[in-house]
Amino acid sequence: MAPAAAAGGHVLWLHGSGQTGEESRAQLAPYFSAPELASVRFSFPTAPTASIPCYGGEVITAWFGIPEVPITARTARDENEVLKAVERVHEMLDREVVAGTSPSNIFVCGLSQGGALAIASVLLYPKTLGGCVVFSGSLPLSKSFAERIPSEARKTPVLWFHGMADGLVLFEAGHAGCVFLQELGMHCEFKVAYPALGHTLVDEELQYFRQWIKDRLSQGNGVPVTSLSDKMDLQ
């Protein structure tokens, strides 16, 4: 017997290197505390720790290795490490689907390295998800992976934020990632209206992110809300 469909949506948030899931929870939870968003559930896993050579061997949380800083459009990662991290994310997504959540109500989101892992995981997942949101991230896979991207994954909408003053993951890296998605025929909204924004999250981004999630869920009958064009609460 198929599991009963879970109400509302599920957001899987992947933090940046050196952070933890609980730190992300403290930052994001206030934006989803409104009663009409009570059905939106979050998961905030924490990455394992690793010694990072480009940080002088410092041991920090990281989803995969960091070859250099800053990250540019030409930075090459160890794709085997990236794929192992993608497998872990896919296991989390599969568990959520088995529990009864419709893939169209699942969102994979992340900051920095977490954003890079989010987009890689969505591109290689065999189902169309509700969406992917990348904050100050980059594409951690080479363009040769294009032929491995399932047709269903190409239907997942993407929202990508990147500050033009980002000195850790350069703007060119974010822009190149979004261009790659568009070349695949995917819908990628690239938000760059933040000329002074560095490598961090700001209130304007998170409010837009919240409304974007609400809009996607309303389209899938997850929650009844007004459209983004009707309501942009940026107080």
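**Ground rules.** I am working with a predicted model, where local features need pLDDT of at least 70, side-chain atom pairs count only at pLDDT 80 or more, and totals for chains, interfaces and linings use all residues. Residues are numbered from 1 along each chain as its sequence is written, and side-chain values use heavy atoms, with hydrogens and water left out.

**Helix α3.** I looked up residues 113-123, which form α3 (helices are DSSP runs of H or I, at least four residues; strands are runs of E, at least two; both are numbered from the N terminus). I found 11 of its 11 residues buried (under 20% relative accessible area, with a 1.4 Å probe and protein chains only). Gln113 and Ser121 are among them. The cover over α3 includes β1, α2, β5, β6, β7 and α4.

**Cores.** Next I checked the largest nonpolar core, and it has 40 residues (a core is a set of buried Ala, Val, Leu, Ile, Met, Phe, Trp, Tyr and Cys residues joined through side-chain atoms within 4.5 Å). Ile119, Leu123 and Leu181 touch the most other members. I noted that β1, α2, β5, α3, β6, β7 and α4 each supply at least two residues of this core. Another core, of 25 residues, lies apart from it and includes Phe32 and Val133.

**Ile119.** Beyond four places in sequence, Ile119 is in contact (heavy atoms within 4.5 Å) with residues including Val134, Pro140, Trp160 and Leu181.

Notes
Buried < 20%, exposed > 50% of the residue type's maximum accessible area, 1.4 Å probe, protein only.
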